[in-house]
Amino acid sequence: MKLSETVEWSLHACVTLGLLPPGGALPAKKLSEYHDLPKAYLAKALQQLALAGVLISLDGRSGGYRLGRAAGQITVFDIVEAVEPRSRLFVCKEIRQRGPCATESCEYTNRCNIARVMDQAEEAWRAVLRETTLQQLLDQTLKDAPDKAREKSLTWFDEKVNFRAEK
């Protein structure tokens, strides 16, 4: 299984937005600068996240994006699903019904056991994403960040970001 890099970008962008003070917003341009990502592609992902209600888009000179609800109410699944909508990771083509030893399709009364296992694995993966909140990612990110990276981030935010007051 391989997810697009847009999923990674979106998760990191949401973690970054979760670090903002209440009422804070960050423009797509600043998010792309902070993560050294292409602005146009990140902006598209941010729009998808806003359409899904994960983020709120604020217009105007001091606008940008902020979380659409509390970080503890946003799951990793919400973010992944917003930017890479659900599609089956494994699609069974019923190859067991082909070849010289196959029989008529009506004789295959049980679902393919390989497809069942793959579906169970996919559901387990999705369950972990549903159980993991953005708040958990935030907490772990802050815990794991090297002191120097944390200091550089605080300096960057102080120098580069103007926060829009909550209305």
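The model is predicted, so local features need pLDDT of at least 70 and side-chain atom pairs count only at pLDDT 80 or more, while totals for chains, interfaces and linings use all residues. Residues are numbered from 1 along each chain as its sequence is written, and side-chain values use heavy atoms, with hydrogens and water left out.

Turning to ring pairs, the structure holds 3 aromatic pairs (rings of Phe, Tyr and Trp, the last by its six-membered ring, with centres within 6.5 Å; planes under 30 degrees apart are stacked, over 60 edge-to-face, the rest tilted). One of them joins Tyr34 and Trp156 in a tilted arrangement, 4.8 Å centre to centre with 55° between the planes. Tyr34 belongs to helix α2 (residues 28–35) and Trp156 to helix α7 (residues 147–160), so this pair ties together parts 122 residues apart in sequence (helices are DSSP runs of H or I, at least four residues, numbered from the N terminus).

Trp156 also pairs with Phe157, this time edge-to-face, at 5.2 Å centre to centre and 90° between the planes. As for burial (buried is under 20% relative accessible area, exposed over 50%, partly exposed in between; 1.4 Å probe, protein chains only), Trp156 counts as buried at 14% and Phe157 as buried at 11%, whereas Tyr34 is partly exposed at 26%.

Terms used:
Helices (H or I, at least four residues) and strands (E, at least two) are DSSP runs, numbered from the N terminus.
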